[in-house]
Amino acid sequence: MNSCNLQTAIVAARPFKSKLTCSKLFACMGLAIGLAVVPSAAKADSYTFSFSGGGLSGSGIIVVSNTAVPGVPGGYQITGINGTFSDANAGFTGAITGLQTTSLPSNINPDGTFLPPGSQAAGFPFSFDNLFFPGGNSPAVCPPPAPGDPEPPYPFGGGLFDIYGLYFNVEGGYSVDLWSNGVVPQLGLTYGVGDALNGTVLNTFAEPFSGDSVDVTTAPTPEPGSLLLLGTGLIGLMVPLRRKFKM
């Protein structure tokens, strides 16, 4: 007979005390697990990512600010990145060495559009803003073209990035831009990617209206503090549990 049943038989005036204590301990364990795991998914500030298409692929972790970007609904600034990138067309694979940093968007128009803070005009081969939209609902951010510009307006939104996208560097002088084309009528949501070597574009895949798309996936990573809380909490609960219900 285990100690739960033995104590119940001896303490007749309190027949449910041991069973209730057992239930409480297991309930506390479940609560500790729930508290440790749920906030990490809801408040994660880092995400695993992977993408592939047109011979271009990459994977790793992005670090995202917990503070929403003013004036850009659903947007958070990407502050760090690591991982690897490959271009089968150019025949190279390298470690991601970090972001090409830029400022937050400014001079946001009343309709929510803005010029990219990192742009081709500043000497980069791609335009970018390094914003991440965990809800997958990036807004349309491209303003109408200037008078005489041959490019049509681009009014589409949707995706984990916006049309400007995430720009990072790869060892060997390479750089990569990963962006969303938004939800294009009759095409749906598509993503694009392009790389460059020392400022000269090498390859791009899935430009807007091309009908192609890069496959992009992300997932929140657990916070180290939450995992530590889970481990220490379970250890703390298991000690009295073993003492209480030792055979």
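This is a predicted model: local features need pLDDT of at least 70, side-chain atom pairs count only at pLDDT 80 or more; totals for chains, interfaces and linings use all residues.
Biologist: What makes up the protein chain in helices and strands?

Modeller: The chain has three helices and ten strands. In sequence order the pattern is α-α-β-β-β-β-β-β-β-β-β-β-α. Buried residues account for 37% of its 247 residues. Among contacts between residues at least 6 apart in sequence, 56% join residues at least 24 apart.

Biologist: Why is Gly 91 called exposed?

Modeller: The relative accessibility of Gly 91 is 64%, and exposed means over 50%. Gly 91 therefore counts as exposed. Gly 91 sits in the loop between S3 and S4.

Biologist: What makes the largest nonpolar core a core, and which residues have the most contacts inside it?

Modeller: A nonpolar core is a set of buried residues of listed nonpolar types, joined through side-chain atoms within 4.5 Å. The largest such set has 26 residues, and those with the most contacts inside it are Phe 51, Ile 62, Phe 85, Phe 161 and Phe 168. Since membership requires burial, and buried means under 20% relative accessible area, each of these five is under that limit. Strands S1, S2, S3, S4, S6, S7 and S8 each supply at least two residues of this core. In soluble globular proteins, nonpolar side chains tend to be buried together.

Biologist: Which residues does Phe 168 touch, beyond its neighbours within four places in sequence?

Modeller: Contact means heavy atoms within 4.5 Å. By that cut-off Phe 168 is in contact with Phe 51, Ile 81, Phe 85, Ile 96, Gly 98, Leu 99, Gln 100, Ser 175 and Val 176. A second, separate core has twelve residues, including Phe 114, Phe 133, Tyr 164 and Val 184.

Biologist: What makes one space a pocket and another a cavity?

Modeller: A pocket is an open set of points, whereas in a cavity the probe fits but cannot get out. The largest pocket holds about 870 Å³. Of its 26 lining residues, the closest to the centre are Gln 120, Ser 127, Cys 142, Glu 151 and Tyr 164. The lining divides into 19 nonpolar, three polar and four charged residues.

Biologist: How many cavities of 30 Å³ or more does the whole structure have?

Modeller: The search finds one. The largest cavity has a volume of about 40 Å³, which puts it above the 30 Å³ limit of the search. Its lining has 14 residues, with Pro 139, Phe 156, Gly 157, Asp 162 and Ile 163 nearest the centre. Seven of the lining residues are nonpolar, six polar and one charged.

Methods: Residues are numbered from 1 along each chain as its sequence is written. Side-chain values use heavy atoms; hydrogens and water are left out. On a 1 Å grid over the protein atoms alone, a cavity is a set of points where a 1.4 Å probe fits but cannot get out, and a pocket is an open set with protein on both sides within 12 Å along at least five of seven lines; lining residues have an atom within 4 Å of a point. Grid points are joined across faces, edges and corners, and a volume is the space filled by probe spheres set on the points. Ala, Val, Leu, Ile, Met, Phe, Trp, Tyr, Cys and Pro count as nonpolar, Asp, Glu, Lys and Arg as charged, and the others, Gly among them, as polar. Buried means under 20% relative accessible area, exposed over 50%, partly exposed in between (1.4 Å probe, protein chains only). Helices (H or I, at least four residues) and strands (E, at least two) are DSSP runs, numbered from the N terminus.
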